[in-house]
Amino acid sequence: MAKYPNGSTPSGGNKRKMGFNPLWIYLLVALSLLGIFFMRSSDTGNKELSWNEFQRIAQEEVFESITVHRDGNKAEAVVKEDRLSRVFTKQELRSMQQPNFSMLSSRTKYVVITHIPSVDKFADYCERVDLKTEVTYVNKGFSLSYFLINWLPMILIIVFWIYIMRRMNGGGKNAPGGGIFSVGKAKAQLYDKTNIDVTFKDVAGLHEAKQEIEEIVHFLKDPSKYTALGGKIPKGALLVGPPGTGKTLLAKAVAGEAHVPFFSMSGSDFVEMFVGVGASRVRDLFAQAKSKAPCIVFIDEIDAVGRARGRNTNMGGNDERESTLNQLLTEMDGFGSNSGVIVLAATNRVDVLDSALLRAGRFDRQIAVDLPDINDRKEIFAVHMRSLRLADNCDIEQLARQTPGFSGADIANVCNEAALIAARNEKSVITRDDFMNAVDRIIGGLEKKNRIVTEEERKSIAIHEAGHATISWHLQYGNPLVKVTIVPRGKALGAAWYMPEERQITHTQVLLDELCSLLGGRAAEELFLNRISTGAANDLERVTKIAYAMVVYYGMSDKLPNVNYHEQGGDYSFQKPYSDETAQIIDQEVARIIAEQYERAKALLLERREGHHALYELLLEREVIYTEDVESIFGKRPWISRTDELLLSEHNEATTNQEEDQENVRGEKGSEATPPPFNA
């Protein structure tokens, strides 16, 4: 039967390999000690006498038999049971008559042991006194009981000690995990072109970052091209970017492209509970790298060990992380030479790294790995769709436009979810509808078809979501609306989904229009229900964050213009970077901005009252409405671009015949939890 490399059979069963189990050693020791106990229990009647006393008692014929050991000059005599009182005291007999658990003898033998001067003198004594007791002379040969009692415990202790020492020392060359004597060894994994198959072709997008990374590979392949002009090979490159953008994937591609040894290690692997272990592992890592130079050392999540020093004081104690960082700084650019060793590192928290680690000479380059734009998303979709069986109606450009803000990991998840949805529906190929459902599933969560919602709650949700849609439709910088739904999905009872524009900078009016649109749901509840609910919790959270950012960080306030109140001060400062009077002004400005946009939203809703009512009634009837439904009520938006118009028309065409509720990419959740019943 064929087997896979991991030892499993094609049928799915795994055959466990027979190996040595350390528990057998413990079992053997326990059985040996138990046997020694039982064997010794059979000798509870032993008593040692002097030679003179033995001669006196032997003449009284109290012995049943005598055994003389020629090699040991020792005699053992078995006492007759009816003459025990002549040899043993009452106290000795009482202790000897305790319950005997011996498995080796059926009864206790009372034996007297003495050391004789010599075998010849013992024979002369027997002839002189005419001893009637049977005497047997034996030569000391191999005795299993003697060996087990005297030598086996010592042998077991030595074997057990050797075993423990080998385990503590790592169990040999290929033993995983190491032990106490290898705790200071680096746990870096060594890769080369034979055990990694990721290349730059598998890294889509990220053209600028990939170009700088490729230069490092060229440095290692042909260093003379750059050093001939007097240049020096960069010592390190730091990959910086949000999670899921492909920093580790770029490092894997470097390992697959560069024909040099590649050491990979995580930043958390340096940190240990023992003092000095992190620094020792850093030294060992660079010692291995120097021995295989030229090579590349990759440290993933370097913020685990490279945090700024002095921020977390340890009350005068030894900080293991700081000592590890100091050793890393020394190894990267100290008195020692690390020629031929290039250090790659990745982090998404560059703001917490120590400034000495970021300087030129250690990390000469900081490579930004940002979220992909629309062109990069096309390439990423193309890479992940290679292995998928796609229908003819799958449009990569449409998918790229409908996933703004998605990272490479998110896009990979979309492709995988689409394949799972198609397989769940017994399809032979993956269609465009499956990708739409996958995007909805990732963004909005699982559809809750069985959630119980009362009619009063449905009306409240419909009015809320219709308020969002109405305000966004009539604002110049409102995001193009794609779909509005009151079907529960994830934590939200309803949602309005938009197609946000990808902007590099955002001006004041864009943020104000976004605030007004977010407050449209709460404003609609107050105007048309005369009460408010908990459904706007997520909206209010986003509104508060945007308003505070406008005042505190962007300087978009009339009373506090052109000031950025970022965290200033030293490492030990716990004070806010502004006075109490300024904090009061900030709160007033935030409240003013939110109040103005709230009144603006209410004014727009009152102006478009009839359209809003028609929209929420249509929501109650269909539960899901699309762009063309809103357009039939309010007319075309005067500010929509031709590109957005084409994209929305494509999306509406794709979702017209779908039976299930589908929600688009970027939208605002209308509720975080089910609201309580409203009062009459």
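Let's start with Leu620. Leu620 sits in helix H22, residues 609–622. Helices here are DSSP runs of H or I with at least four residues, numbered from the N terminus.

A word on the source. This is a predicted model, where local features need pLDDT of at least 70, side-chain atom pairs count only at pLDDT 80 or more, and totals for chains, interfaces and linings use all residues. Residues are numbered from 1 along each chain as its sequence is written, and side-chain values use heavy atoms, leaving out hydrogens and water.

Back to Leu620. What does Leu620 touch, not counting residues up to four places away in sequence? Arg458, Lys459, Ala462 and Ile486. Contact means heavy atoms within 4.5 Å. Now take Thr485. Leu620 and Thr485 are 135 residues apart in sequence, yet 9.4 Å apart in space, C-alpha to C-alpha.

Next, helix pairs. Two packed helices are described by the angle between their axes and the distance between the axes.

Take H18, residues 508–518, and H21, residues 580–607. Their axes come within 8 Å and cross at roughly 65°. Axes are lines fitted to C-alpha atoms, for helices over the stretch in contact, and angles run from 0 to 180 degrees between N-to-C directions. H18 passes H21 in a right-handed crossing: the near helix is turned clockwise from the far one by less than a right angle. H18 brings Gln509, Leu512, Asp513, Leu515 and Cys516 to the contact; H21 brings Ile593, Gln597, Arg600, Ala601 and Leu604.

Look at Gln597, in helix H21. Is Gln597 buried or exposed? Buried, with a relative accessible area of 6%. Gln597 touches Leu512, Leu515, Cys516 and Leu519, again skipping residues up to four places away in sequence.

Last pair: H15, residues 408–424, and H16, residues 432–444. Their axes also come within 8 Å, and cross at roughly 120°. H15 and H16 are therefore oblique to each other. Oblique is what remains after roughly parallel (under 35 degrees), roughly antiparallel (over 145) and roughly perpendicular (65 to 115). H15 passes H16 in a right-handed crossing.

Terms used. Helix = DSSP H or I, 4+ residues; strand = E, 2+ residues; numbered from the N terminus. Buried < 20%, exposed > 50% of the residue type's maximum accessible area, 1.4 Å probe, protein only.
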